[in-house]
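This report describes selected features of one protein model. The sequence and structure come first, and the text then goes through them.

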Amino acid sequence: MNNFMKAAMEKAYEGMRAGLGGPFGAVIVKGGEIIACEHNRVLETNDPTMHAEVSAIRAATAKLGRFSLDDCEIYSTCMPCPMCLSAIMWAKIPTLYYGSSAADAADAGFDDDYIYKFIRNDLKDGKLSLEVIDEENCGELFSEWKSIEDKSMY
């Protein structure tokens, strides 16, 4: 078994068995060294965004002192949900290794398909309504952002 995935699994068991979150773990590796090893912390923190991958990204960026993890890789015990997959992409992590499938997660009660359907605009059940307001005024933020010459892009 891959040692980094093994570390992610051990962390997932630790968090799950302690009642801190679901059966998920993630490890971020840089140059063959574990930078961050986290488990799901949703139940521990009452924060629905504290999935293992997000928690690991937060730990790794804090440790490295930068927002880009473009020289790292991530090991996740399961195919990341849409939020975590987006976070991995925002962190610019170029390689994701995962163990279980989204179907495995759905079988255990963690069904991300609802979110994927919403993203594809295949779902109109009234649980979330999207309404555009004050588009012109809010657009002024982007106009000013574009005019800043010494900005840091991320």
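The model is predicted. Phe67 has a relative accessible area of 48%, so this residue counts as partly exposed. Tyr154 has a relative accessibility of 61% and counts as exposed.

**Aromatic rings**

The structure contains four aromatic pairs. Phe24 and Phe110 make up an edge-to-face pair. Phe24 is located in the loop between α1 (3–17) and β1, while Phe110 is in the loop between α5 and α6 (113–119), so their pair ties together parts that lie 86 residues apart in sequence. Phe24 is buried, at 15% relative accessibility, and Phe110 is partly exposed, at 34%.

Phe67 and Tyr154 also form an edge-to-face pair. Here Phe67 belongs to the loop between α3 and β3 and Tyr154 to the segment after α7 (135–147), so this pair ties together parts that are 87 residues apart in sequence.

The table gives the geometry of these two pairs.

| Pair | Centre to centre | Angle between planes |
|---|---|---|
| Phe24 and Phe110 | 4.9 Å | 80° |
| Phe67 and Tyr154 | 6.0 Å | 75° |

Ring pairs also join Phe4, Tyr75 and Tyr97 into a cluster. A contact of another kind involves Trp145: Lys151 lies over the face of its ring, 5.6 Å from the ring centre.

**The strands around β1**

Strand β1 covers residues 25–30, and five of its six residues are buried, which leaves the strand mostly covered. β1 runs antiparallel to strand β2 (residues 33–39), and six bridges join the two. Within this pairing, Ile28 has Ala36 in β2 as its bridge partner. The two strands form a hairpin with two residues between them, and Gly31 in the turn has a positive phi of about 60°.

β1 also pairs with strand β3 (residues 72–78), again in the antiparallel sense, over five bridges. In that pairing, Lys30 is bridged to Cys72 of β3.

**The largest pocket**

The largest pocket holds about 260 Å³ of space. Its lining consists of 18 residues, and those nearest the centre are Phe24, His51, Cys81, Phe110 and Asp112. Helices α3 (52–64) and α5 (102–107) each contribute at least two residues to the lining. By type, the lining residues comprise 12 nonpolar, three polar and three charged.

Terms used. Residues are numbered from 1 along each chain as its sequence is written. This is a predicted model: local features need pLDDT of at least 70, side-chain atom pairs count only at pLDDT 80 or more; totals for chains, interfaces and linings use all residues. Side-chain values use heavy atoms; hydrogens and water are left out. Buried means under 20% relative accessible area, exposed over 50%, partly exposed in between (1.4 Å probe, protein chains only). Helices (H or I, at least four residues) and strands (E, at least two) are DSSP runs, numbered from the N terminus. Two strands pair if DSSP finds at least two bridges between them. On a 1 Å grid over the protein atoms alone, a cavity is a set of points where a 1.4 Å probe fits but cannot get out, and a pocket is an open set with protein on both sides within 12 Å along at least five of seven lines; lining residues have an atom within 4 Å of a point. Grid points are joined across faces, edges and corners, and a volume is the space filled by probe spheres set on the points. Ala, Val, Leu, Ile, Met, Phe, Trp, Tyr, Cys and Pro count as nonpolar, Asp, Glu, Lys and Arg as charged, and the others, Gly among them, as polar. Rings of Phe, Tyr and Trp (its six-membered ring) pair if their centres lie within 6.5 Å; planes under 30 degrees apart count as stacked, over 60 as edge-to-face and the rest as tilted. A charge sits over a ring if NZ of Lys or CZ of Arg is within 6 Å of the ring centre and within 35 degrees of the ring normal.
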